[in-house]
Structures are given as structure tokens and as C-alpha cells.
Amino acid sequence: MATYKKRGYKPKNKSEEQQVDNMDSTTAEVFNTLDETASKSEQWIEKNSKVLFGALVAIVVVFLGYLGYNKYIVAPNELEASNELAFPRKYFDEAATAGSGVDSLLNLGLEGADGRYGFLDIADSYSGTSAGNLANYYAGVSYLQMKQYDKAIEYLSKFDSDDEMLGPVSLGAIGDAFADIDQQEDALDYYEKAANKKDNEFTTPLFLYKAGQTAMLLENYSKAEELFTRIKDNYSKSEQGRDVEKFINAAKYAK
């Protein structure tokens, strides 16, 4: 049984006296060890103070450099790129409503005019900015409308976005490009990616439907039925969901 040394406590016999002495000795050793450790730590810190100070200064310099880079380089570059993007977008928007001369307008958007950058220049010169990333999307869609499918796939593949609409639409556009050059398996892959990118009532059923139709072309009827059934179960109120039952039956009876 342990014996505790309380104030005013006197050992009752030699055994308890020995226990008290042992406790005192152990306590002294612990404090001596702590003192030695603290002393060694102080000596190490003192010996390496210049290195530690240098490391601290380096961390501060890197942090301040990061802040400065973002404030004086990244932010102005983003603003400049965004301003540049407004020029070719004008031609892109005009092409969407033009009755004729669509390719000419799209080319102006791609190549630029009057000394101003087009989508291709912006994507290249401002590749690390949001506007540069978006320029890849506009370039890809422009090439898709001009039926230059290889270039459409190239630029759309460079675009990356978690936006609710643009993320799925860009993947779906790659699917469209592959479908137009009769690479149906690649088209199916990208339609599924587009459908799964963001869950919403517009893009998800749209690309599930395109994926289902492509699966039918590939005679993968089980896959087609599965895709059409997802529309029925989860997006029945969408435009694609209205007549989806007939596509489910078509896939089922085609097996």
C-alpha cells in the first residue's frame, strides 16, 4: 500500500521511512531529468538560434511573397484577362442569333480582330486565370459549331469547371463531338460523365437521355434501359422524363 507524505507526516516505522525516502529520491530524479532536458533544449536553441531565426524569416518572406503575388500579379492578371474576354464574346453571342455568316462571326471570336485578342490568344496568354480557362470553353464550343470536331475536343478537354451548368455542358459537348465523328463509345463515356458531374433537373436527365440513345446505337440495351430508368425514377418531370417509358420498353424488348 502506498504511503503519501503529507504535511506534518512522520513515518511510523522504518519501512514507511524507507518508502518516503524512495519517493523523495524518485521526485528528485524526475526534477533533475527535467532540468537537464530543459538545459539541453536551451543549449540547442541557443546553438541553432541563427538557423531558427533564418527559417522564421524565410517563412515570413514566403508568406508575404504569396500575398504580394496574389495582390500585384494574380489579381491584375485576372482582371486584364476578364476584360480581354469581353471582346470575342461579343462575336460569339452574335453568332448565336445570326441567321447567316455564323462561321465568320465564330472565327472573329476565335482569332480576334482590330488588334484585340480572340479566345485562342486569351486561352494561351492567360492560361492560369479563370478567364483563360473560360476561353477554352468558348473556343471548344465555337469549333463544335463549325464542325471542326478534333479542335472542339482539344479545347473543351482543357476546360475545367465545377459550375452547376458549365461543368456538365462542357463534358456533354465533348460527347457531341465524338458522336458526330462516329466514336460512339467515347460519346457514351462523356455523356455519362456529364450526367454525373452535377445532379440537377436540367443537365442530368438531358445527358442521361443522350447516353441512353447512344447505348441503343451500340446495342448495349441493358445499359440503355438502366439509363432511361434513372430518368423515370429521378427526373420524371423533366422534358426527357415525359416519354421515357417508351424508350425503356424499346431497350427492354430489343435485348
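Predicted model: local features only at pLDDT ≥ 70, side-chain atom pairs only at ≥ 80, totals over all residues.
Lys193 lies over the face of Tyr190, 4.5 Å from the ring centre.

**The chain as a whole**

The secondary structure of the protein chain comes to 11 helices and 0 strands. Along the sequence this gives the pattern α-α-α-α-α-α-α-α-α-α-α. The protein chain has 255 residues, and buried residues make up 34% of them. Its accessible surface is about 16200 Å², and carbon and sulfur atoms account for 52% of that surface. Among contacts between residues at least 6 apart in sequence, 49% join residues at least 24 apart.

**Aromatic pairs**

A pair of aromatic rings is described by the distance of the centres and the angle of the planes. The count for this model comes to 13 aromatic pairs. Two of the pairs are set out here.

| Pair | Arrangement | Centre to centre | Angle between planes |
|---|---|---|---|
| Tyr117 and Tyr126 | edge-to-face | 6.4 Å | 65° |
| Phe119 and Tyr138 | stacked | 5.1 Å | 10° |

Phe119 lies in helix H4 (residues 119-125), while Tyr138 lies in helix H5 (residues 130-145), so the pair ties together parts that are 19 residues apart in sequence. Phe119 and Tyr138 also belong to a cluster: ring pairs link them with Phe92, Tyr137 and Phe159.

**Helix H6**

Which residues of helix H6 (residues 149-158) are buried? They are Tyr149, Ala152, Ile153, Tyr155 and Leu156. An α-helix has 3.6 residues a turn, so residues three or four places apart point the same way. The buried residues of H6 pack against H4, H5 and helix H7 (166-180).

Notes:
Residues numbered from 1 in each chain as written. Heavy atoms only, no water. Phe/Tyr/Trp six-rings, centres within 6.5 Å; stacked < 30°, edge-to-face > 60°. Helix = DSSP H or I, 4+ residues; strand = E, 2+ residues; numbered from the N terminus. Lys NZ or Arg CZ within 6 Å of the ring centre and 35° of its normal. Buried < 20%, exposed > 50% of the residue type's maximum accessible area, 1.4 Å probe, protein only. Contact = heavy atoms within 4.5 Å. Areas by Shrake-Rupley, 256 points an atom, 1.4 Å probe, with all protein chains shown as cover.
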